[in-house]
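Work through the exercises below with the sequence and the coordinates open. Each task is followed by a solution in steps.

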Amino acid sequence: MGRYVLRRLASAVVTLWVLATIVFLMVNVIPGNVGRSVLGPFALKEDVARYNHQIGTDRPLISQYFTSIRRVFTLDFGDSYKSQSAVTKIIFPALFRSGKLALLAFIITIPISIAAGIFAARRQDKVTDRVVVNAGLATSSIPDFVTAAVLMSFFCVHWKLGHVFADPPSGTSVVGQLPYLLTPALALVVAYFGYIARMSRAGVINGLQADYARTATMKGLSKGAVMRKHILRNALAPTITVISVQIGYLFGGIVGVEKVFNYHGLGSTMLSAVTSHDIPVLQGAVLLVGIIYMVSTLLADVFIAFLNPRVRLETSR
Amino acid sequence: MSDSEEFVPQPAEIVSTPGADVYMPNTTISGTAVPPNTPAEIELSGAVQVSERQQARRENWRLIRRRPAFIVGVFIVLVWTVCAVLGDRITPHSPLDFRVAGNGQHLSPRASYPFGTDEQGRDVLSRVMAGARDVLKVAPLAALLGVFFGVILGMVMGYFGRWIDNVLGRIVEAFLALPVILLALLAVSTLGHSPTVVIGVVAALFTPVVARTVRSAVLAERDLDYVTSAKLRGESSAFVMFREILPNVSGPIIVELTVRIGYAVFTVATLSFLGAGPQPPSPDWGAQVSEGFRNISADIWWTTFFPAAAIASLVIAANLIADSVQSVLEAS
Amino acid sequence: MMDYRLFDNVRRQASPVEVELVEAFAQGKISRRAFVARGSMIGLGAPLIGAILAACGSDKKTTTPATSGTTAPGGTTAPGGTTAPGGTTAPSSGSIKQGGTLRIVAQTPAGPLDPVAMADLGTYCPVTTCFEYLVDALGGDVKPMLAETWKPNADGSVWTFNLRKGVKWHDGTPFTSADVVATMDRLAGSNLKASIAAGSTKAIDDFTVEITLLSPDGQFPQQVGAYNPQSVITPKDFVLGTTLDKRMTGTGAFKMTKYDAATGATFEANPDWWGGKPYLDKLEYSFSEDLATLVSGLQGGAADAITQFSVIGGDALFNDSNIVVQSIRGAAHREIWMNCREGDFTDKRVRQAVALGIDRQALLDTLLKGKADIANDHPIAPIYPFFDATQPQRVRDVDKAKQLLSDAGKAGLAATMYFPNLQEIPQLAQILQSQLKDIGMNVTLSQEAVVDGEEWCKVYDSKVEPAGCDGGKDFGIVDYGLRGVPDVYLVKAYATGEWNSAHYISEPFRAAVKAYQSSLDLDGQKAAIKDIQKIANEDVPYAIPYFYNILFATAKNVTGIVATGLGHFYCGKAGFTA
């Protein structure tokens with residue numbers, strides 16, 4: 001087990017380095033003069049040159065690359081061009097906010113979806129099964145920003161049940177923050193329910209097919225207990241897989257939902273960094289999202305390996 | 001039947017959802033292998049295999065055609081394709097016609113304007129119909145390109161293995177960690193708002209996803225007898241990959257393609273919602289939702305609802321088709 | 001009956017400028033309204049003005065007080081006032097409660113809160129909540145703010161300001177002339193470099209400052225008033241690059257306690273404010289870059305006020321009975337620039353064709369629902385007292401436009417229009433595209449996130465005329481906020497400033513601007529403005545279709561807010577009604 005973890009860790013570090021290189025290449029391919037972007041079009045050429053020299057963009061690309069990689073591993077992302085404060089001061093609070101929302105969304109979605117998946121799997125191909133599957137299919141196909149807009153307009157504006165701006169005022173207790181985060185979390189629930197339900201349904205179906213063969217040879221063990229134990233395990237594995245992959249998306253991809261609720265998570269931070277060409281913030285945020293994705297898939301792999309010894313033993317080819 | 005892999009999700013269904021980029025035999029590149037699909041095929045030699053395969057395919061196709069989900073999906077796609085092709089020739093009003101006199105703005109749905117009018121007085125039904133073109137111009141092509149390159153990449157990784165797989169695998173994983181929408185936005189804001197840029201970026205970011213799927217499928221095949229016999233015959237690697245293995249993994253690839261199309265529609269719509277789509281006054285669906293959304297709190301729901309429903313319908317259609325194909329392939 | 005004794009006194013003691021003004025009023029050459037405005041501008045104290053007005057009895061020829069909808073930049077707030085450029089929410093019946101937190105939604109500041117370098121409405125708002133100006137040139141005549149009195153010398157080239165005593169910075173240190181001198185010196189290198197030079201501000205004593213101008217300017221107080229946002233007075237330890245969020249201080253009614261560009265800002269009441277203790281305890285700002293989000297915030301009850309919005313997208317607010325919309329008529333407008341130096345628009349006929357192709361009334365009806373004044377391709381708004389109403393209004397003439405285009409050899413011209421995603425500008429661009437199609441022009445639209453100068457100032461070389469900007473796009477739309485006087489537009493956009501997106505150089509125009517700036521009386525201004533209007537309309541480097549009203553809105557129970565079209569949102573006297 002330990003060897004497997006170490007191996008995965010090593011490959012994750014390599015991937016991180018590759019990721020940092022890709023990000024570096026991307027942002028340096030963006031046309032434009034950094035000094036000019038920051039100081040504006042009306043600044044004098046000498047001032048622009050001085051600024052460029054000061055922040056080091058006139059150094060050769062290779063030396064900038066090494067500095068950039070070194071800084072990634074020390075989590076030093078420099079200063080924002082737009083607001084001149086440290087990038088970490090901008091992206092970590094945003095990260096925290098995204099995390100809160102993701103956590104709430106998962107807390108609601110996972111139990112419901114797994115339950116629905118198991119429920120549907122046990123009634124495979126009957127009417128209820130088809131209903132669950134197709135409902136899930138339909139709701140997951142609606143773009144997340146649409147669900148968010150509809151929920152916002154009905155729950156928050158019309159019926160005044162939720163808050164139009166999902167950012168709770170500073171100092172609200174954890175419990176007090178729930179009403180604020182609930183509506184955007186619901187939008188995410190609608191989007192992910194279908195997917196997770198179908199995934200866990202698939203896992204359970206697989207498991208059931210095996211279990212019937214197996215339990216036929218088992219005597220003395222309560223069929224129900226065996227089934228329950230196995231069913232949950234079967235439902236869980238694909239769910240973990242899905243969640244680990246989706247986590248990266250939840251931190252960087254739900255820009256639409258964040259925009260609708262004026263929620264300043266990592267997605268909307270990246271969005272404003274893109275529109276204002278604020279390279280350090282963009283670089284830092286993209287790397288952060290990448291790191292989160294890699295960590296979550298690493299953890300998921302380790303957990304699954306823990307559950308299934310066969311995974312650990314196979315070497316990656 | 002062997003003891004099934006409990007923890008290798010053999011999904012009975014695949015679905016495009018936000019961020020869904022996984023047809024999942026495995027979680028990651030360094031995951032587990034997939035049991036073979038059709039034991040029957042593996043036992044046979046090459047020549048016999050071909051005709052059996054063709055027959056199996058025809059049979060599958062017949063089965064797929066008859067599934068209701070497939071029919072519904074294809075029907076929806078056809079409707080939008082017709083709208084895209086014929087464009088403003090069949091729309092009841094011009095999608096770009098302004099009612100400049102100040103009345104005619106934000107009319108609720110009625111007989112003359114079944115979907116109502118927007119804030120500049122344009123007929124929403126016409127704009128939704130015309131908007132099909134913008135989506136169908138970009139999404140299928142992006143998906144196709146992504147699958148094309150993904151297949152090549154996945155083949156190479158799965159077949160050659162060893163260090164090629166490791167090196168490429170790290171690069172693929174790194175790309176998978178990048179946020180698609182933000183990068184597409186970045187590309188558009190620096191390279192311009194052309195559909196080519198969007199297609200290019202989306203295809204580039206789909207390639208690693210497809211590659212991963214193809215790789216796992218290839219991993220399952222490459223130790224099988226027909227591959228070994230082809231190698232013994234002296235065939236080149238390219239031949240083995242694309243003439244021998246590829247047909248056997250075509251099932252998952254087709255499914256992946258349809259899933260990718262759904263996801264491409266999704267991504268493209270979100271991009272134009274965020275302002276990276278075609279320029280105004282284009283009737284692009286995502287742009288329409290973005291324009292209409294600011295009036296939702298004034299009870300003007302139709303300018304948002306109908307384009308959004310259009311987007312959803314196309315994604316659902318893609319998923320229904322993918323679902324049908326997958327079910328049939330699975331069962332066979 | 002006129003009191004000649006009073007006039008004699010004035011003549012003997014006052015400066016030539018003051019005497020000239022009083023004479024003009026006495027002889028009926030200027031209206032009562034204009035006299036008050038000009039008088040306060042040149043520092044005639046209110047008591048004196050009042051005395052003179054009283055001395056001239058009812059046989060004076062006066063203009064009727066502003067009817068609702070026609071106020072000069074020195075316009076007073078009518079009761080239930082909704083139309084002064086310094087629009088206020090009228091105190092409704094019932095008194096104002098002490099206490100409370102006002103939640104405001106506003107445009108995200110586009111950059112650091114640097115008082116000298118800021119250039120967008122989003123940044124003006126928080127900065128001007130903390131910092132103040134020498135004079136208050138808002139809803140009314142030029143009123144004292146950090147300066148109590150001021151007067152010019154004989155020709156208006158040296159201005160002396162007497163500062164208010166007892167004002168403290170938010171950290172407790174006293175406000176003195178040293179702060180003003182430091183501020184002026186910093187501005188001399190940037191924002192006010194056309195008016196003063198570094199070192200030309202002298203502190204006569206702790207509370208008196210003397211500013212020597214580079215050339216006479218009868219309107220100088222406007223340059224240190226609210227309509228020049230960068231002229232806020234900052235403490236003497238501020239240098240170029242110091243920002244408010246790093247060093248939270250100021251003299252205003254509220255002090256900043258928290259700032260995060262992404263989420264918002266918090267301000268607490270300054271109990272020692274020279275204007276009196278504010279009613280409100282706190283201001284909570286939420287920022288967003290998206291107008292729809294702001295509007296839904298106010299409508300959904302997440303906020304009590306919105307600093308600015310536009311007709312497009314604001315429909316919800318107009319029809320909501322819980323929300324009060326305030327409309328400020330003024331000089332805010334959009335300029336459709338056309339490159340006069342190179343490209344397809346260098347020929348004046350092409351530009352005139354574009355101007356003739358625009359259907360202004362349609363824009364007013366569709367885009368602005370009437371909440372605007374029609375404009376005539378120059379930046380002089382009807383609210384200015386020197387506006388020349390005799391100039392014929394340009395109206396749409398498709399045939400003439402087509403003729404001009406083909407005369408210039410540009411029939412069927414294809415061009416790309418660049419514009420920001422700001423308020424109603426995207427819709428304006430779309431409508432223009434379809435209107436210009438009628439004259440044979442083929443316009444492609446290109447929407448940017450913001451238009452911040454890079455579009456016309458791609459390469460900056462200080463030696464290139466005008467203002468060192470070169471390269472860039474030929475055709476686009478840019479926004480201009482409300483100003484109390486048009487000097488900023490005239491200098492920065494039309495003459496030598498870096499906002500001259502059309503790269504327009506015209507000696508007769510510059511001469512007219514100089515004449516306008518150096519005239520100290522209304523007649524001189526009127527004559528110069530008449531020229532300015534004529535040349536601008538003829539050369540049309542910018543097609544200007546309308547002056548739009550500034551809209552802001554509050555919940556029904558909020559009152560006392562003073563807002564301008566330039567990002568200010570003064571809450572010093574604001575509060576919740578009981």
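The exercises that follow concern a predicted model.

**Exercise 1. Chain B as a whole**

Task: State how many helices and strands chain B has, and what share of its residues counts as buried.

Solution: 
- Step 1. Chain B has twelve helices and zero strands.
- Step 2. Of the 332 residues in chain B, 58% count as buried.
- Step 3. Among the contacts in chain B between residues at least 6 apart in sequence, 73% join residues at least 24 apart.

**Exercise 2. A helix pair in chain B**

Task: Determine how helices α6 (residues 180-191) and α7 (residues 195-221) of chain B pack, and which residues make the contact.

Solution: 
- Step 1. The angle between α6(B) and α7(B) is about 150 degrees, and their axes are 9 Å apart.
- Step 2. Angles over 145 degrees count as roughly antiparallel, so α6(B) and α7(B) are roughly antiparallel to each other.
- Step 3. The crossing of α6(B) and α7(B) is right-handed.
- Step 4. On the α6(B) side, the contact is made by B:Val180, B:Leu183, B:Ala184, B:Ala187, B:Val188 and B:Leu191. On the α7(B) side, the residues are B:Val197, B:Val198, B:Val201, B:Val202 and B:Leu205.

**Exercise 3. The largest nonpolar core**

Task: Name the residues with the most contacts inside the largest nonpolar core, and the helix that gives the most to this core.

Solution: 
- Step 1. The largest nonpolar core has 366 residues.
- Step 2. The residues with the most contacts inside this core are B:Ala184, B:Leu185, B:Val202, B:Val265 and C:Ile532. Among them, B:Ala184 and B:Val202 also take part in the contact between α6(B) and α7(B).
- Step 3. Helix α4 (residues 124-160) of chain B gives the most to the core, with 19 residues.
- Step 4. Leaving out residues up to four places away in sequence, B:Val265 touches B:Val135, B:Ala139, B:Ile311, B:Leu314, B:Val315 and B:Ala318.

**Exercise 4. A sheet in chain C**

Task: Give the strand order of the open sheet of four strands in chain C, and find which helix packs on the sheet.

Solution: 
- Step 1. For context, the secondary structure of chain C comes to 16 helices and 27 strands. Of the 578 residues of chain C, 56% count as buried.
- Step 2. The order in the sheet is β5-β6-β8-β7 (chain C), and the pairing is antiparallel.
- Step 3. The edge strands are β5 (147-152) and β7 (196-205) of chain C, each of which pairs on one side only.
- Step 4. From one strand to the next, the twist averages 20 degrees.
- Step 5. β7(C) pairs with β8 (residues 208-213) of chain C in the antiparallel sense over five bridges. In this pair, C:Thr201 stands opposite C:Ile211 in β8(C).
- Step 6. Helix α6 (residues 177-188) of chain C packs on the sheet and touches β6 (158-163), β7 and β8 of chain C. The direction of this helix makes about 175 degrees with that of β7(C).

**Exercise 5. Positive phi**

Task: Is A:Asn262 buried or exposed, and is C:Asp377 buried or exposed?

Solution: 
- Step 1. Phi of A:Asn262 is near 50 degrees, a positive value in a residue other than glycine. A:Asn262 lies in the loop between α10 (255-260) and α11 of chain A.
- Step 2. A residue is buried if 20 or more other C-beta atoms lie within 10 Å of its own. A:Asn262 has 28 C-beta neighbours inside 10 Å, so A:Asn262 counts as buried.
- Step 3. Phi of C:Asp377 is near 65 degrees, again a positive value in a residue other than glycine. The place of C:Asp377 is the loop between β15 (372-374) and α12 (398-407) of chain C.
- Step 4. With 26 C-beta neighbours inside 10 Å, C:Asp377 counts as buried.

**Exercise 6. The surroundings of C:Lys556**

Task: Locate C:Lys556 in chain C and list what C:Lys556 touches.

Solution: 
- Step 1. C:Lys556 lies in the loop between β23 (550-555) and β24 (558-559) of chain C.
- Step 2. C:Lys556 has 13 other C-beta atoms within 10 Å, so C:Lys556 is partly exposed.
- Step 3. Leaving out residues up to four places away in sequence, C:Lys556 touches C:Asn322, C:Ile323 and C:Val324.
- Step 4. C:Lys556 and C:Val325 are 231 residues apart in sequence and 9.4 Å apart in space, C-alpha to C-alpha.

Definitions and conventions: Residues numbered from 1 in each chain as written. Chains lettered and ligands numbered in written order. Predicted model: local features only at pLDDT ≥ 70, side-chain atom pairs only at ≥ 80, totals over all residues. Pairing = 2+ DSSP bridges. Helix = DSSP H or I, 4+ residues; strand = E, 2+ residues; numbered from the N terminus. Axes fitted to C-alpha atoms, helices over the stretch in contact; angles between N-to-C directions. Contact = placed C-beta atoms within 7 Å. Core = buried A, V, L, I, M, F, W, Y, C linked by C-beta atoms within 7 Å. Buried ≥ 20, exposed ≤ 12 C-beta atoms within 10 Å, placed from the backbone. Parallel < 35°, antiparallel > 145°, perpendicular 65-115°, else oblique. Left-handed = near helix turned anticlockwise from the far one by under 90°.
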